[in-house]
Amino acid sequence: MQSQVGAVPPERIRFRLTPLQRLLSAMPAIVITLLQGLSWLGSNPYRPRSVLLLVWGVLLVVVLIASRSTGVTLTPSAAIVHNFPRRTVLWSDVQAIQIEPLMGNRAVVIFEAGGRRTRLRAPSTGFLSWDRGFEEKFHIIGRWWLDHRGPGWTPVPPPATPWGGPLGPDGNPYAPPA
């Protein structure tokens with residue numbers, strides 16, 4: 001076992017969906033493909049149903065491949081967000097990193113100086129798509145930002161809220177609305 005004193009910090013850290021989360025994201029396509037396949041067994045294979053089965057099968061493969069590549073890569077200069085489309089968020093532009101709930105799930109959200117917020121697909125956690133390491137991954141992302149944002153980083157006043165709406169709870173402009 002290597003001691004912590006001599007350990008070299010990694011150059012990059014990558015977070016992806018867990019295998020269970022990838023499977024659950026493809027579940028609708030899997031179910032429809034299976035149902036189409038079962039109905040296809042008793043019919044003529046040259047009917048339009050076989051084309052539909054082929055389309056669903058291709059959709060299933062695309063969803064599984066796409067879900068494998070989604071996530072975030074932490075580098076010393078930026079967070080590379082692997083979504084559609086892929087984008088790079090410089091650590092010097094990040095103003096806050098928080099957890100936000102959405103429809104029973106929780107995900108990490110990066111708030112940028114210009115007011116843009118980027119919701120990460122991974123790490124995320126929820127009732128059916130649980131990620132045991134979610135809290136630890138969130139803290140790693142936050143710590144990485146604090147360590148790599150640069151000595152010249154200064155907080156930027158948050159963008160004005162539309163129609164003078166309220167800030168978040170506790171006066172935090174980056175907190176989700178109550």
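This is a predicted model: local features need pLDDT of at least 70, side-chain atom pairs count only at pLDDT 80 or more; totals for chains, interfaces and linings use all residues.
User: Happy to start with the overall picture. What makes up the fold, and how much of the protein is buried?

Analyst: The protein has three helices and seven strands, and from the N terminus on they run β-α-α-β-β-β-β-β-β-α. Of its 178 residues, 37% count as buried. The accessible surface comes to about 11,500 Å², with 65% of that belonging to carbon and sulfur atoms.

User: Why is Val81 called buried?

Analyst: The cut-off for buried is under 20% relative accessible area. Val81 has a relative accessible area of 1%, so it is buried. Val81 lies in strand E3.

User: Which residues does Val81 touch, leaving out those up to four places away in sequence?

Analyst: Val81 touches Gly71, Val72, Arg86, Arg87, Val89, Thr118 and Leu120. A touch here requires heavy atoms within 4.5 Å. There is also a C-alpha separation to mention: Val81 and Arg121 are 40 residues apart along the chain, and their C-alpha atoms are separated by 8.8 Å.

User: What makes a group of residues a nonpolar core, and which members touch the most others in the largest one here?

Analyst: The members must be buried residues of the nonpolar kinds, joined through side-chain atoms within 4.5 Å. The largest such core has 19 residues, and Val72, Leu74, Trp91, Ile97 and Ile141 touch the most other members. Strands E1 (13-16), E2 (71-74), E3 (78-82), E5 (94-102) and E6 (105-112) and helix H3 (134-148) each supply at least two residues of this core. The largest share, five residues, comes from H3. As a general point, nonpolar side chains in soluble globular proteins tend to be buried together.

User: Nice. What is Leu74 in contact with, beyond its neighbours within four places in sequence?

Analyst: Leu74 is in contact with Glu11, Arg12, Ile13, Phe15, Ala79, Trp91, Ile140, Ile141 and Trp144.

User: How do you know that E5 and E6 are paired?

Analyst: Pairing takes at least two bridges between two strands. E5 and E6 have eight bridges, in the antiparallel sense, so they count as paired. For example, Gln98 has Val109 in E6 as its bridge partner, and Ile97 stands opposite Ile110 in E6.

User: And how do you know that E6 and E7 are paired?

Analyst: The reasoning uses that cut-off again: six bridges join E6 to E7, which run antiparallel, and at least two are needed, so these strands pair. One of the partners is Ser124 in E7, which bridges to Ala107.

User: Why is the sheet called open, and which strands are at its edges?

Analyst: Three strands form the open sheet in the order E5-E6-E7, with antiparallel pairing. The edge strands are E5 and E7 (117-126), and each pairs on one side only. From one strand to the next, the twist averages 25°.

User: Where does H3 sit relative to that sheet?

Analyst: H3 packs on the sheet and touches E5, E6 and E7, and its direction makes about 165° with that of E5.

User: What makes you say that E6 is mostly covered?

Analyst: Six of the eight residues in E6 are buried.

User: How many residues lie between the strands in the two hairpins?

Analyst: In the E5 and E6 hairpin there are two residues between the strands, and Met103 in the turn has a positive phi of about 50°. In the E6 and E7 hairpin there are four, and Gly115 in that turn has a positive phi of about 100°.

Notes: Residues are numbered from 1 along each chain as its sequence is written. Side-chain values use heavy atoms; hydrogens and water are left out. Buried means under 20% relative accessible area, exposed over 50%, partly exposed in between (1.4 Å probe, protein chains only). Axes are lines fitted to C-alpha atoms, for helices over the stretch in contact, and angles run from 0 to 180 degrees between N-to-C directions. Accessible areas come from the Shrake-Rupley method with a 1.4 Å probe; for residues, only the protein chains shown count as cover.
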